[in-house]
Amino acid sequence: MNRPTNSPILNEYRERTPGSAALHLEAQQSFPSGITHDSRFTRPYGIFVERADRSRKWDVDGNEYVDYFMGHGALILGHGHPDVTQAAEAQLRAGTHLGASHAKEVTWAGLIQSLMPSAMRVRFTASGTEA
């Protein structure tokens, strides 16, 4: 990780990200290669993000980035979109894992069927393997 280099880009990266470097060293004690997902592998180490808002995220060293990953495509509206946040807060107040059938799952299935008319039936599963 701390191999000498004549790359001004890598040298500046290391200078700007000492907190991420320290967390990477700590993470190597728990995770293979110090990462929890292969897509996060970068050299000399990846950034450790502290917070995000809309299209931006900030690492533990306070550096600001444009988030091109957007939750691997799951956050098409960005981090903390007000409508998404409001809907999530409302659902958190109503219950987070009801463990029983409910009206919202029927509505959700109907939306899926309207978007994909060939889906005669819908089954919600926890994984692709289960599906």
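Analyst: S33 has its place in the loop between α2 and β1, where helices (H or I, at least four residues) and strands (E, at least two) are DSSP runs numbered from the N terminus. The model is predicted, so local features need pLDDT of at least 70 and side-chain atom pairs count only at pLDDT 80 or more, while totals for chains, interfaces and linings use all residues. Residues are numbered from 1 along each chain as its sequence is written, and side-chain values use heavy atoms, leaving out hydrogens and water.

User: Why is S33 called partly exposed?

Analyst: The relative accessibility of S33 is 45%, and buried means under 20% relative accessible area, exposed over 50% and partly exposed in between (1.4 Å probe, protein chains only), so S33 counts as partly exposed. Its backbone also has a positive phi of about 60°, although S33 is not a glycine.

User: What makes M70 buried or exposed?

Analyst: M70 lies in the loop between β3 and α3, and its relative accessibility is 15%, so M70 counts as buried. M70, which is not a glycine either, has a positive phi of about 45°.

User: Why does A27 count as buried, and what does A27 touch?

Analyst: A27 lies in helix α2, and at 8% relative accessibility it counts as buried. If residues up to four places away in sequence are not counted, A27 touches G34 and F48, a contact being heavy atoms within 4.5 Å. A27 and A103, by comparison, are 76 residues apart in sequence and 42 Å apart in space, C-alpha to C-alpha.

User: What makes β1 and β2 a pair?

Analyst: Strands pair if DSSP finds at least two bridges between them, and β1 and β2 (residues 56-59) have four, in the antiparallel sense. D53 stands opposite R56 in β2. The two strands form a hairpin with two residues between them, and R54 in that turn has a positive phi of about 55°.

User: How do you know what span to expect of α3?

Analyst: The expected span of a helix is 1.5 Å times one less than its number of residues. Helix α3 (residues 82-94) has 13 residues and reaches 18 Å from its first C-alpha to its last, close to the 18 Å expected. Just after α3, G95 takes a positive phi of about 135°.

User: What makes up the lining of the largest pocket?

Analyst: The largest pocket has a volume of about 670 Å³. Of the 27 residues that line this pocket, R40, I47, V49, K57 and F69 are the closest to its centre. A pocket is an open set of points on a 1 Å grid over the protein atoms alone, where a 1.4 Å probe fits, with protein on both sides within 12 Å along at least five of seven lines, and lining residues have an atom within 4 Å of a point. The lining divides into 14 nonpolar, nine polar and four charged residues, where Asp, Glu, Lys and Arg count as charged, Ala, Val, Leu, Ile, Met, Phe, Trp, Tyr, Cys and Pro as nonpolar, and the others, Gly among them, as polar.

User: Which residues line the second largest pocket?

Analyst: Among them are Q91, G95, H97, W108 and L111. Helix α4 (residues 103-115) gives the largest share of this lining, four residues, and the lining divides into four nonpolar, six polar and two charged.

How values were computed: Grid points are joined across faces, edges and corners, and a volume is the space filled by probe spheres set on the points.
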